[in-house]
Amino acid sequence: MEASDDITRSNLHALTTAALSDALAGVGVLAPGFIRYSGTGVVAGRAVTADCAEGSLLPIFEAIESAKQGDFLCIRGPGDTAYLGELLAANIVNRGLSGAVIDGLARDRNQISTMPATFVAKGLTPVNLRRQIPGRAMQQVALGGVDVMPGDWVVVDDDGIIAIPPDEVEGAIGRARQAGLIEQRIRQLILERGMPVPQAVKLALTESRDPTA
């Protein structure tokens with residue numbers, strides 16, 4: 001894992017998907033409907049991708065072989081069959097990945113829910129078809145209406161999921177931090193000075209543009 005990735009990951013962990021969504025005007029946010037089955041807080045990692053044929057896990061195994069510690073496995077899994085269960089989840093944890101985002105179904109909820117990694121899917125099923133059909137690994141994959149490329153930053157928390165291209169992540173972090181400072185000032189004006197919300201917002205925005213205001 002590169003040192004620069006460690007810094008970026010740490011910076012992302014200090015934010016939220018809401019703050020990053022605001023900084024990017026909602027671009028990169030996966031459509032609602034994903035359910036978080038394990039993990040807590042904000043988790044971020046680079047994407048490794050698997051675009052599966054229905055019922056086949058072959059591209060998932062290939063993507064895991066390309067993964068580095070801290071990466072996020074991103075899976076497109078069509079049909080009514082599970083693409084993640086206890087054994088695969090344990091393998092992901094053992095390899096030090098941040099977790100997996102599955103645009104599809106999972107199973108073994110009770111076992112997965114106790115694991116330290118973050119696992120997110122669209123729902124559950126006991127079915128696993130175990131087909132042996134090639135898919136595509138480490139190529140662009142569509143998740144929740146967003147095209148995710150290998151190496152994109154994926155950020156997950158309890159509000160949702162956002163994917164950010166590497167060349168946009170530092171700008172997004174900077175804008176999200178600045179917005180967070182403004183929000184903190186608005187909160188202070190409302191809670192400590194009893195200022196009405198419209199006036200607090202106006203003053204905080206004015207101060208952000210001109211600190212001497």
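The model discussed here is predicted.

## Helix α4

Leu88, Ala89 and Ile92 are the buried residues of α4. Seen down the helix axis, these buried residues fall within an arc of 100°, so they line one face of α4. An α-helix has 3.6 residues a turn, so residues three or four places apart point the same way. Leu87 and Asn94, on the other side of α4, are exposed.

The packing partners of the buried residues of α4 are α3, β3, β4, α5 (109–112) and β6.

## Nonpolar core

The largest nonpolar core contains 26 residues. Within this core, the residues that touch the most other members are Ile60, Leu73, Ile75, Leu84, Ile92 and Phe119. Two or more core residues come from each of β2 (43–51), α3 (58–66), β3 (72–76), α4 (86–94), β4 (99–103) and β6 (118–121). In soluble globular proteins, nonpolar side chains tend to be buried together.

Leaving aside neighbours within four places in sequence, Ile75 is in contact with Ala50, Cys52, Ile60, Tyr83, Val101, Ile102, Asp103 and Leu143.

## Aromatic rings

Across the whole structure, a search finds zero aromatic pairs. The ring of Phe34 does, however, have a charge over it: the charged end of Lys122 sits 4.8 Å from the ring centre.

Technical notes: Residues are numbered from 1 along each chain as its sequence is written. This is a predicted model: local features need pLDDT of at least 70, side-chain atom pairs count only at pLDDT 80 or more; totals for chains, interfaces and linings use all residues. Side-chain values use heavy atoms; hydrogens and water are left out. A nonpolar core is a set of buried Ala, Val, Leu, Ile, Met, Phe, Trp, Tyr and Cys residues joined through side-chain atoms within 4.5 Å. Buried means under 20% relative accessible area, exposed over 50%, partly exposed in between (1.4 Å probe, protein chains only). Helices (H or I, at least four residues) and strands (E, at least two) are DSSP runs, numbered from the N terminus. Contact means heavy atoms within 4.5 Å. Rings of Phe, Tyr and Trp (its six-membered ring) pair if their centres lie within 6.5 Å; planes under 30 degrees apart count as stacked, over 60 as edge-to-face and the rest as tilted. A charge sits over a ring if NZ of Lys or CZ of Arg is within 6 Å of the ring centre and within 35 degrees of the ring normal. The arc is that of the directions from the helix axis to the C-beta atoms.
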